Amino acid sequence: MTYANAEDCSPQLRGALESVIGGYMAAVAEVLLAEEIPVVSVSAYGDVHDPSQDDFEGDVEGSVEFAPAFSRTLLGDTGETGLLWCGVSGWCFFHIPEGSGRSLLDSARWMGSGLTPEPVRVAAFLSEVRLDPREVGSAERPFYRAPHSEPDVLLRRLEAFGAVDGGAEPWAWAGEDQAVARLRSTACRRRVVEALTAADQEIVDVALHTGELEALAGLLAYVEGDTPDDGLRELARRLARDLALRARDGVESVDEHREAFSYADEQG
């Protein structure tokens, strides 16, 4: 479906834009998760005619958000941090220190590289951010299209990255949670399989209180019940069983109870 009318304010247009913006955000998140960046969510906003965006000189947008620990490690505080994609100016990294009163525009470091660079290029930009978050990119904002213009052209451009299904209503985009949950689960399963099957592993002497072991079992049970990834669900179940049996049978059983390893080895 195309939208040649630049004045089209229909909910279908907004829904279509949010679907492809969400697909672009998910594509970027997938690359970042493969590099073990703790992405926790993405967002998409597709009302190309929203006048409230005029103060920002923008219209549609998307974002990729990270776990708070990532901000603490990167910048030493828990301020608001993320990657924003602006439908007028492309990507920027922003960090708003808590209580600073600064705006996103005040803190934005712009990537450049065009309106819709490939996800791997966005990931490379974040790598540069991690080296020098306060000086990376440019403080000067680029402009690649006029706000509120040519939504059909933008839609076709973003379709190259795929789309994410929205919610029951075309203007209530709700695909980000499901999309990122699947991507996070897939990335987590990959890391777990690699860890369990790594060569030259040593047996580590780690002391745990019984409550800590129960807490770990609870976390694994949560993963088993929450993840949409069948492989990760089975790994969590088997690893929890391995730990419970080793706690019962003692350190001598460490090589006996390895169901998680066996399953991971099969997947590899």
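The legends below describe close-up views of a predicted model.

**About the model.** Residues are numbered from 1 along each chain as its sequence is written. Local features need pLDDT of at least 70 and side-chain atom pairs count only at pLDDT 80 or more, while totals for chains, interfaces and linings use all residues; side-chain values use heavy atoms, with hydrogens and water left out.

**Figure 1. The chain and its helices and strands.** The protein chain has 9 helices and 5 strands. Helices (H or I, at least four residues) and strands (E, at least two) are DSSP runs, numbered from the N terminus. In sequence order the pattern is α-β-β-α-β-β-α-β-α-α-α-α-α-α. The C-alpha trace spans about 70 × 40 × 30 Å along its principal axes.

**Figure 2. Helix 1 against helix 4.** Two packed helices are described by the angle between their axes and the distance between the axes. Axes are lines fitted to C-alpha atoms, for helices over the stretch in contact, and angles run from 0 to 180 degrees between N-to-C directions. Helix 1 (residues 11-34) packs on helix 4 (residues 119-131) at about 55°, with the axes 9 Å apart. The two helices are therefore oblique to each other. Angles under 35 degrees count as roughly parallel, over 145 as roughly antiparallel, 65 to 115 as roughly perpendicular and the rest as oblique. Helix 1 passes helix 4 in a right-handed crossing. A crossing is right-handed if the near helix is turned clockwise from the far one by less than a right angle, and left-handed if anticlockwise. Tyr 24, Ala 27, Val 28, Val 31 and Leu 32 of helix 1 make the contact with Pro 119, Val 120, Val 122, Ala 123 and Leu 126 of helix 4. Contact means heavy atoms within 4.5 Å. This contact has 10 nonpolar residues, no polar and no charged ones. Ala, Val, Leu, Ile, Met, Phe, Trp, Tyr, Cys and Pro count as nonpolar, Asp, Glu, Lys and Arg as charged, and the others, Gly among them, as polar.

**Figure 3. Helix 7 against helix 8.** Helix 7 (residues 210-226) and helix 8 (residues 230-249) pack at about 160°, and their axes are 8 Å apart. That makes helix 7 roughly antiparallel to helix 8. The crossing of helix 7 past helix 8 is left-handed. Residues in the contact include Leu 213, Leu 216 and Leu 220 of helix 7, and Ala 236, Ala 240 and Leu 243 of helix 8. By class, the contact has 10 nonpolar, no polar and 3 charged residues.

**Figure 4. Helix 8 against helix 9.** The axes of helix 8 and helix 9 come within 7 Å and cross at roughly 155°. Helix 8 and helix 9 are therefore roughly antiparallel to each other. On helix 9 the contact residues are Glu 259, Ala 260, Tyr 263 and Ala 264, and those on helix 8 include Gly 231, Glu 234 and Arg 238. The contact divides into 5 nonpolar, 1 polar and 5 charged residues.

**Figure 5. The largest pocket.** A pocket is an open set of points on a 1 Å grid over the protein atoms alone, where a 1.4 Å probe fits, with protein on both sides within 12 Å along at least five of seven lines; lining residues have an atom within 4 Å of a point. Grid points are joined across faces, edges and corners, and a volume is the space filled by probe spheres set on the points. The largest pocket holds about 980 Å³. Of its 25 lining residues, Ile 203, Val 204, Leu 243, Arg 246 and Val 254 lie nearest the centre. Helix 8 gives the most to this lining, with 5 residues. The lining has 15 nonpolar, 4 polar and 6 charged residues.

**Figure 6. The second largest pocket.** The volume of the second largest pocket is about 540 Å³. Among its 24 lining residues, Arg 184, Ser 185, Cys 188, Val 223 and Leu 232 lie nearest the centre. Helix 6 gives the most to this lining, with 7 residues.
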